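Thanks for coming. I will go through a few local features of one model, starting with how its strands pair.

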Amino acid sequence: MGNLKPGYYKFAAVFDTDTLERNNTLAPGNWYSRDVVVHITENGFDMAPILLNRKVTERPFKETALIRNESFRTQMLSGFRKRDCFIKAAVVLPKNYDSLKTTAYPVVFIIPGWGGTHFDALSPAMQNRYGMGMGLEKIYVYLNPETSNPYGLHAFIDSRVNGPWGKALVEEFIPYLTGKYRIEKNKELHFVAGQSSGGYAALWLQLNYPKEFGGCWAVSPDPVDFSDFTSVNLYEKGGNFYYDQASKIRPFFEMNGQYLGTIMGFSKFEDFLGNGGQLQSFEAVFGILDKKTGKPAQIFNRNTGIIDASIVEQWKPYDMSLFIENNYNKLKESISGKIHVYAGAQDNFFLNRSVRLFKQKVKKLNMFQATVEEIEGANHWTIWNEGFTKRVQQEIDKRIVLGRP
C-alpha cells in the first residue's frame, strides 16, 4: 500500500464464506462490497471504510425446451468427501428429440476450461463453438468441472486429493443419464471433448477409460507431456519454476508476440487470492495431500521457485506421454483412431510445445492411429473457428458411422 503513487484508487473486498467451492468471489453466500474511491496523496491516505453489504446469490439455471439442468448427487464422491457432492451438467437435446420418440442418440460430453461451467451451454457462442446442431444429431452434456471442490478444477479426473471424479462420471452419472434420456447405450457412440483444462481431461478420460468412450477431442489441452509444463521441464535436475537455466525469469502469458506476465507474478497473485487457483488445481489433480498443511502438496517452493523432485514423482502417472509409453500394449487396440489432440501453434500459454512432444512420443510407438496437430496461425482461443468446428464435427460423425453396427 505504501508504494502506491498519489492518485485516486478504487478498492473492493470479498469475504469468502463458502470454503467448499473453488470460486472465492462468485460462490453463493459470499459477501462483497461496492467500489470505494480513495484519494492517496504524498502524505498517504485516511482510513476508508469498505462495507460488505452485498451477498452473492445462487444463479438460477433457466431451462429451455431443449436444454435441461442436471444436479446429481454422487455416492462415490460423497463417500470420499464425507459430505454431499454433486455432478452438475446441462443436457442439450437435438431439435427433433421430442418428435422422434423412439430415436436414441450419440452423446458428446463437453468439459470446458478455466472458468467454464454448465451455464455455458445456454450461450449461443458456446453452442456454435462445439457444433451443437451441426452434422449428425447428437445429445450434448455440458459438464461443470469445478463443483464441490475447493482446490480448483477437478475436471473429472480421478485424484488422490479431489476424489474419484472420473470414476463417478463413468460409473454413476453416465448410467443415470442413459436411463433418463434416449442416449445410445453403445459406448462407442459416447464421446468426450474439452478445451484447455477440459482438453487435458478429455484425453485423460479416453486413456484411463478407453472402452467407455468412442473418441476424444482435446483442444488447447493443459500440459499432456510434463517435459514441457508451460515451458518448465519438470524432470530437469535442479529445475525451477520461476527461472530458466540461464537464470532468466520465465514468461507465462504471450499475446501478439508480447509477454504480458510471468509464472512468478501469476503464482504470487494466486497465493494472494487463496485456495482454488490454477497452480493449486494442478497440484490437487496430479499430486498428493500435504499432511502438514492439509492442502495439496506444492510442486515448487512459492518463494524460490525450486521444484520438489519428490512431488514430481507423484505427478508422473498423469503425464500422458509416459502413460501411453507404459501402457500401450494393453491400450493400442482400444484407443486406435480415438485420440484427437489439437493446439494452436501460437498458444498463449505455450501448451503447443507439450502437444508437440506428445506427438513425437506417440509417433515413435507406431502402434495405433492418433491425430495430434499444431494449428498454424491459431492461439489458445482462436483455434476455434467455423472451419475447425466443422472439422471436429466431421471427425465425430465418422466415429459414429464406424461405431454403429
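**Strand pairing and a surface patch**

Phe15 stands opposite Trp31 in strand S3. This is a predicted model, where local features need pLDDT of at least 70 and side-chain atom pairs count only at pLDDT 80 or more, while totals for chains, interfaces and linings use all residues. Residues are numbered from 1 along each chain as its sequence is written, and side-chain values use heavy atoms, leaving out hydrogens and water.

Strands here are DSSP runs of E, at least two residues, numbered from the N terminus. Two of them pair if DSSP finds at least two bridges between them. S2 and S3 (residues 31-32) are joined by two bridges in the antiparallel sense.

They belong to an open sheet of three strands, in the order S2-S3-S5, with antiparallel pairing. S2 (14-15) and S5 are the edge strands, each pairing on one side only.

Next, the hairpin. S14 (residues 251-255) and S15 (residues 258-262) run antiparallel, joined by four bridges. Phe253 stands opposite Gly261 in S15. Two residues lie between the strands of this hairpin, and Asn256 takes a positive phi near 55°.

Last, the surface. Which residues make the nonpolar patch of about 290 Å²? They are Met1, Leu4 and Phe45. Patch residues have over 30% relative accessible area (Shrake-Rupley, 1.4 Å probe, only the protein chains shown counting as cover). They also have no salt bridge (a Lys or Arg side-chain nitrogen within 4 Å of an Asp or Glu carboxyl oxygen). Nonpolar side chains (Val, Leu, Ile, Met, Phe, Trp, Tyr) are joined within 5 Å, like charges within 9 Å.

Phe45 sits in the loop between S4 (36-40) and S5 (54-55). Its relative accessible area is 38%, so Phe45 is partly exposed, that is, between buried (under 20%) and exposed (over 50%).

Notes
Buried < 20%, exposed > 50% of the residue type's maximum accessible area, 1.4 Å probe, protein only.
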